[in-house]
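This report is meant for someone meeting the structure for the first time. It moves from single positions to helix pairs, and then to a whole chain and its contacts.

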Amino acid sequence: MLRARLIYLLGRLAQMVGVLWVIVTILFLIFRLMPGNPLTAYIDPTFTAEQEEAVKRQFGLDKPLYTQYALYLKNVATGNLGRSFFQKEPVLDVLMDVFPNTLLLTVTSLVAAYAFGVVGGAFLAWRRGTKVEGAGILLALMTRAAPEFFLGMLVLSFFSFDLGWFPSSGVSDPGVIYDSIVEQLLSADFWHHLALPALTMAIYLQGLPLLLMRSNMLEVLDEDFVTMARMKGLPEWRIMLAHAARNALLPIVTALTVGIGYAVGGNVVVENVFSWPGIGRVLVRAVQAKDYPLAQGAFLLIAVVIVSMNFLADVFYSALDPRVSATKQEVG
Amino acid sequence: MSVEHDHALTHLIEQFTSGDISRRELIRRVAALGGALAFAGSVGVMAPSGASAAQQDPRRVRKLSLAVQPQANVPEEFEGIQLAAGQLKQIGLDLEIQVMPWEQMSDLVWFNRQQWDMTAWQMVGRPERLDPDEFVYNLFHSSTIEKGYNFVGYNNPEYDKLAEAQRVEMDREKRKELLYQLQEIIANDQPYIFFVYPHENFAYSSAVWDPNSIVEAKGIGIKNFWTFIRATPLGEQKDMILNTQAVVQAINPLYISGATDSWITELVWDRLMRINPEGFPEPFAAEKVEWRDDTTVLVTLRPGMTWHDGQPVTVDDVVFSFQAPAGEMSPMYKPFVAPIASVTPVGDNQVEFKLKAPFAAFETAGLAKVNLIPRHVWEPVFADLEAQGINAEEYQEETPIGSGPFKFVNWARSQEIILEANPAHFQAPKMTRWILRDMPNVSAALGGLTSGEINFLSEYTGDPELLKQTVDTTQGLTMVSTIVVGFRFLAPNERRPPFDDAALRRAMATAIGKDQIQTNIYKSYATLADSHVSKALEFWHAPDLPDYASSNIEAARQILQEAGYSWDGEGFLLYPEGKTETLQTGGA
């Protein structure tokens with residue numbers, strides 16, 4: 001059994017590497033097949049032909065495509081994502097500077113969204129068939145469907161500009177300097193700034209766990225062991241919490257792991273609305289400034305997070321539910 | 001597109017220009033006309049109807065391409081081009097608007113100079129462009145046709161001669177006369193069809209900053225060096241908190257990395273001269289600047305200046321600062337020291353500059369441009385960089401050291417930059433700190449201004465009407481709208497007929513309604529452009545140039561007729577007798 005699980009996970013790992021290789025290849029090709037010269041933003045029209053050649057050499061763009069590709073693969077494999085055209089720093093450094101901010105925003109909003117979603121979903125299942133349930137589902141669907149920038153601007157305009165409760169942008173008040181990330185995390189100022197972007201993302205993200213939890217609960221409530229518990233005369237809240245909810249939680253765990261992956265990529269909008277210095281902002285600006293190495297790096301980082309979170313979800317699932325790794329066919 | 005479509009389109013444009021329908025409505029209805037106008041990548045404004053190529057008159061001007069960036073990138077430019085295209089059509093030009101991303105357009109225009117017909121373009125204002133020389137010389141001098149800024153391929157020996165003459169004319173009044181003549185030539189030849197000088201809009205909290213201490217600089221606006229050293233706080237808030245939408249890439253005195261970055265370097269590093277609010281250079285770190293003859297300048301250094309690390313500023317540092325960019329260390333500053341033949345110290349407080357040839361813009365584009373850098377900091381760095389085979393653009397000081405009125409404190413990437421006042425400076429700022437917040441969301445920046453999170457809106461790319469409304473309805477805010485040095489225009493490629501004919505270009509300028517572009521598209525937050533020397537530069541801008549303000553189709557057709565052009569049965573333009581079409585439609 002253990003061996004089967006190991007083989008299954010190794011297979012998934014190999015698949016993950018394969019997927020990343022495809023992504024890396026696509027990223028490589030996209031930036032080279034785009035109309036115009038990738039160096040247009042870099043080469044001034046007054047450059048001489050020699051200067052132009054020198055720049056091309058500097059970026060290895062004078063070599064044939066397959067050589068460039070081989071070099072690129074080798075560099076990516078060794079963690080070298082190149083240097084940003086304009087920031088003149090290694091791409092990895094630029095990304096790592098802001099990655100913690102993205103991670104903090106993502107994790108906070110996901111935890112909030114899933115905590116609310118799970119409780120809310122269980123509650124709606126419990127209140128099945130009532131007006132409360134109907135209204136709840138409608139609200140969840142509406143918030144889920146509302147574009148994030150719209151939601152963000154509403155939140156911003158209400159809580160920041162009208163009520164003045166929260167700041168509108170950044171991770172700290174003007175002029176505040178943190179020496180370390182720990183110091184930043186321990187400051188009230190930081191959480192004050194995190195509140196609105198996290199709230200926006202949480203509102204956007206809560207729909208999935210809520211609806212998922214509700215439907216899981218409904219399924220579970222029909223199961224024999226719940227009927228059994230009812231026959232034993234256990235109080236309703238205990239049946240809900242200890243028996244039904246516990247079993248209904250399994251798929252939520254998977255959704256959460258995959259959710260982290262997607263949320264990292266989905267931060268782009270929220271980070272821009274709230275001027276939150278994260279990966280999404282870097283990505284948007286890199287694309288606007290035609291900073292190809294940086295844009296490529298940001299895309300790759302997001303892809304890596306998504307793919308690894310998918311893998312992690314598989315690991316969890318196989319641990320929680322042995323049937324998954326027992327036979328390959330059941331792996332969706 | 002059929003004749004009915006043409007009529008419908010003309011009618012729509014008339015409705016729009018008379019103000020009956022909005023910009024958005026115009027675009028929506030045009031799209032509804034069959035979507036053929038502009039929205040799909042390269043779709044003809046008016047495809048020739050009926051006649052096949054075989055039956056066409058060989059004198060018929062081919063379908064001309066017009067490159068423009070997508071509406072999402074440059075809304076005003078895009079809409080201006082739609083309007084202009086409709087009017088050009090009315091003088092018989094067959095157009096194909098090609099919407100392409102900036103990379104592609106830039107590649108086409110700069111690097112494939114034979115291949116395109118027309119493009120929408122803009123020149124942006126920069127501090128060194130406050131002297132007209134850069135635009136006047138680089139844009140239209142024949143030496144920059146092949147490579148360089150003369151991408152339209154304008155070639156006029158008379159212009160060349162005058163452009164060279166203004167460069168070496170050291171008498172300001174005489175130089176002005178030359179510049180007037182140059183502008184008249186351009187107004188007559190119309191190598192660019194100028195649209196507008198856009199305005200830049202700013203706002204600040206006049207409850208925090210004394211309005212009398214905020215300086216509006218010609219062609220730049222209130223976000224300028226003089227405002228930053230003079231702005232006087234009225235109350236407890238002594239920090240100026242500004243916004244930027246652009247990412248700050250470097251704080252480096254040897255690298256011109258972006259407009260916002262330049263504002264920071266200007267504050268941290270001093271310069272021998274500064275451009276004053278009127279747009280002219282005046283001594284700053286130099287106590288005196290004396291011209292000994294046309295090619296010799298003697299600069300006397302202001303006594304008692306120190307670097308931010310406490311060391312004194314010496315003539316050695318000054319010499320070093322002007323020699324450093326001459327090598328390979330700072331390619332971007334190299335052009336600014338290129339006119340210099342030698343820099344030598346004279347005694348312990350003077351420096352003598354010898355120029356290779358007289359250069360009228362040397363004060364603006366040399367003495368007021370090059371940052372003074374401490375030799376003791378940079379000499380070892382250069383040695384290090386040389387060993388690695390890279391230049392100083394690649395290097396970022398941990399704590400930048402200059403001698404300017406502000407000291408560097410902190411830079412949290414993608415968040416904010418903090419500078420503090422340097423009390424030891426001879427023009428010490430009145431504020432305590434200068435804090436630049438990174439805010440990509442322009443609505444949030446505007447909200448931040450009303451809520452007090454920022455107190456100086458130094459960059460605003462949103463709707464100017466909205467800014468005005470906000471300022472009008474919020475107590476204690478002031479808005480300033482300034483004409484800038486840059487301009488927007490339609491550029492025909494003079495390498496390709498029919499654009500090699502000035503009469504045709506004049507007819508185009510006559511047909512296009514710039515006033516409609518200015519009032520309806522820029523909502524009057526722009527000034528009609530008539531020259532490559534902006535109206536912001538009052539001293540240099542030639543008065544009474546023909547501005548071709550309103551659309552006059554009749555007059556335009558008249559010009560064409562007089563130049564020998566005629567029209568075929570379908571109303572398309574025919575070359576004058578003896579000239580035939582030899583080219584294919586251009587574009588990528």
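## A residue in helix α10 of chain B

Gln323(B) is found in helix α10 of chain B, which covers residues 315–323. The model shown here is a predicted one, and within it Gln323(B) has 15 other C-beta atoms within 10 Å, a count that makes this residue partly exposed. Gln249(B) is 74 residues away from Gln323(B) along the chain, and the C-alpha atoms of the two are separated by 25 Å.

Most residues other than glycine have a negative phi, and most peptide bonds are trans. Because 24 other C-beta atoms lie within 10 Å of its own, Gln190(B) is buried.

The buried residues in α17(B) are Lys514(B), Gln516(B), Ile517(B), Gln518(B), Asn520(B) and Ile521(B). Just after α17(B), Lys523(B) takes a positive phi of about 50 degrees.

Helix α3 of chain B (residues 75–89) packs against α17(B), with axes that come within 10 Å and cross at roughly 140 degrees. An angle over 145 degrees would count as roughly antiparallel, and α3(B) and α17(B) are therefore oblique to each other. Their crossing is right-handed. On the side of α3(B), the contact is made by Glu76(B), Glu79(B), Gly80(B) and Leu83(B), and on the side of α17(B) by Gln516(B), Ile517(B) and Ile521(B). By class, the contact of α3(B) with α17(B) holds 3 nonpolar, 2 polar and 2 charged residues.

Another pair is formed by helix α5 (residues 133–140) and helix α6 (residues 157–168) of chain B, whose axes come within 10 Å and cross at roughly 150 degrees. That angle makes α5(B) roughly antiparallel to α6(B), and the crossing of α5(B) and α6(B) is left-handed. From α5(B), the residues that make the contact are Asp133(B), Val136(B), Tyr137(B) and Phe140(B), and from α6(B) they are Tyr159(B), Ala163(B), Gln166(B) and Arg167(B). Sorted by class, the contact of α5(B) with α6(B) has 5 nonpolar, 1 polar and 2 charged residues.

## Chain A as a whole

Chain A has 15 helices and 0 strands, and its C-alpha atoms fill a box of roughly 85 × 60 × 35 Å along the principal axes. Of the 332 residues of chain A, 34% count as buried. Among the contacts in chain A with a separation of 6 or more, 72% are accounted for by residues 24 or more positions apart.

The domain assignment divides chain A into domain 1 (2–77) and domain 2 (91–323), and the C-alpha centres of these two domains lie 32 Å apart. The contact between them takes 14 residues from domain 1 of chain A and 13 residues from domain 2 of chain A. On the side of domain 1 that touches domain 2, the residues divide into 12 nonpolar, no polar and 2 charged.

## Where chain A meets chain B

The contact between the chains takes 35 residues from chain A and 40 residues from chain B. On the side of chain A that touches chain B, α4 (91–126), α6 (148–162), α12 (250–273) and α13 (279–288) of chain A each supply at least two residues, and the largest share, 5 residues, comes from α6(A). The residues of this side of chain A divide into 16 nonpolar, 14 polar and 5 charged.

Terms used:
Residues are numbered from 1 along each chain as its sequence is written. Chains are lettered from A and ligands numbered from 1 in the order in which they are written. This is a predicted model: local features need pLDDT of at least 70, side-chain atom pairs count only at pLDDT 80 or more; totals for chains, interfaces and linings use all residues. Two residues are in contact if their C-beta atoms, placed from the backbone, lie within 7 Å. Helices (H or I, at least four residues) and strands (E, at least two) are DSSP runs, numbered from the N terminus. Ala, Val, Leu, Ile, Met, Phe, Trp, Tyr, Cys and Pro count as nonpolar, Asp, Glu, Lys and Arg as charged, and the others, Gly among them, as polar. Domain bounds come from an automatic or database domain assignment. A residue is buried if 20 or more other C-beta atoms lie within 10 Å of its own, exposed if 12 or fewer, and partly exposed in between; C-beta atoms are placed from the backbone. Axes are lines fitted to C-alpha atoms, for helices over the stretch in contact, and angles run from 0 to 180 degrees between N-to-C directions. Angles under 35 degrees count as roughly parallel, over 145 as roughly antiparallel, 65 to 115 as roughly perpendicular and the rest as oblique. A crossing is left-handed if the near helix is turned anticlockwise from the far one by less than a right angle, and right-handed if clockwise.
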